[in-house]
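Visitor: Could you walk me through this model a bit at a time? I'm new to this.
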Amino acid sequence: MPSVFVKTYGCQMNERDSEAVAAQLIAKGYSLAPDEKQADVVLLNTCSVRDSAEQKALNKMGSLVGQTRKHNPDALLGFLGCMAQSRGQELMDQLPDVDLVLGTQKFHRVGQYLDDLLARRREQVVDIEEEKGSESFIREHLSEEGDKSRAVTAYVSIMQGCNQFCTFCIVPYTRGRERCRSIEGITDECQELVKNGIKEITLLGQIVNSYGKREIGPKDGKSAFVQLIESVHQIDGLERIRFTSPHPKGYGDDLVEAYGRLPKLVENAHLPVQSGSDRMLNLMHRGYTRQRFVDLVGKLRAVCPEMGVGTDIIVGFPGETEEDFEYTLSLCKEVEFDNAFLFKYSRRRDTPAASMPDQLPEKLIEERHARLMELADNIRARKLEDYVGRKMEILIEGRSRRNADRLEGRTRCNKIVVFEGSERFIGQVMEVQIESTTKTTLYGRL
Ligand code: SAH
Ligand code: SF4
Ligand code: F3S
């Protein structure tokens, strides 16, 4: 049987989709190739969120066409995921050597199309049609992986798509409208994972806390998302529940309150704010104001003083003035995010922001990005210092990625801790004494 290599760009949703694709192909008898050169099938699971992500995958495919085909002239090359969805046939026209272009509702059809291509029943395949029920097909997991860290934590995809249509964002066009899986189906998948040794589950969706808003609806004053968390929370042997990526708007009081009540729901909230200026938030179509965002962080910290708060920020949205940007700086000082992902605005075609006036020059965006980066880095480093001398509960995930002689774990509030210890501790929840820190990582002793 052929071997496959899947390379993933983009977010956790894509990582999860790639895992499900690999698991499906293994179930058909494929093996995983150690690298692209030795693979019979190379699939790039792509991201369109920023131009840089698209360029990386396009360049990669360009070099695969030249190199991999030299080693193996019959190798099959394919694009999956968000860029495949948004560009479709155009990708084939641009790179005629590509065999397969499959959109975001077609991951479960990879095996069947590869069969057709390998048997030469078809020359090329482009399929980016919508498919009803496709959100329920992302359920297979890789049971065995060399990488020990994966055996402790797992992602579970609970929904697809987004209805928010932020004016800068391509996701609603690449992932389609919101569709969710059933609470039972998701809980069964989590149960199975825990049976196989998983200790921490991250529930995934493009706008994860709007889960089931229409299809399932509230019950006893609890949103569908909180009902789902409660259901997963009951699984014996599961230690921790996380979720990503939520929208601030989806944080109702029931979800805030759940943090205080459900011990497996860890003290971590990734709250993408995008900007500190109300004028920008409005143009971005985010659906909240700066004040409502600050109030939400306050409520979360009141329920859990230990809450780790992360965010995403876009610098240089069309029309952003120095004053708007300073509101973003002041918001960062006010909220003191534990972790902030900072992005330079990237014009995505067919999004409303792409045709807004006052697109900012690259140089100005870079300058503001660097200023914000410096501030956010300092805040993060200062907040990490506060942990030195404290005892923290961590879930030990595996060997450290930075130093294979040591182990690595994560605190409930999502900080990475590196320490010395025996491999048999992997998968356990233990206490570490934090002794020192770098700008991004804590170091401790069991
Ligand atoms: N669904 C998530 C975000 C998905 S995209 C949410 O709503 O929070 C991840 C991040 O990429 C966004 O939070 C945003 O900060 C950034 N992003 C999205 N579109 C972008 C663009 N056109 N240019 C730069 N950054 C962008
Ligand atoms: Fe994009 Fe906004 Fe939807 Fe997030 S909520 S995926 S930023 S449109
Ligand atoms: Fe990128 Fe698609 Fe995720 S555009 S960020 S891979 S949803």
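Visitor: Which residues are around ligand 3?
Guide: In this predicted model, the residues around ligand 3, meaning those with a heavy atom within 4 Å of it, are C11, N14, C47, S48, V49, C82, R175 and Q206. Residues are numbered from 1 along each chain as its sequence is written, and ligands are numbered from 1 in the order in which they are written. Local features need pLDDT of at least 70, side-chain atom pairs count only at pLDDT 80 or more, and side-chain values use heavy atoms, with hydrogens and water left out.

Visitor: Switching topic, is E267 buried or exposed?
Guide: E267 has 15% relative accessibility and therefore counts as buried, a label given under 20% relative accessible area, with exposed being over 50% and partly exposed in between (1.4 Å probe, protein chains only).

Visitor: Where is E267 found?
Guide: E267 is in the loop between α9 (253-261) and β12 (268-270), with helices (H or I, at least four residues) and strands (E, at least two) taken as DSSP runs numbered from the N terminus.

Visitor: What does E267 touch?
Guide: Leaving aside residues up to four places away in sequence, E267 touches C304, E306, M307, G308, R412 and C413, where contact means heavy atoms within 4.5 Å.
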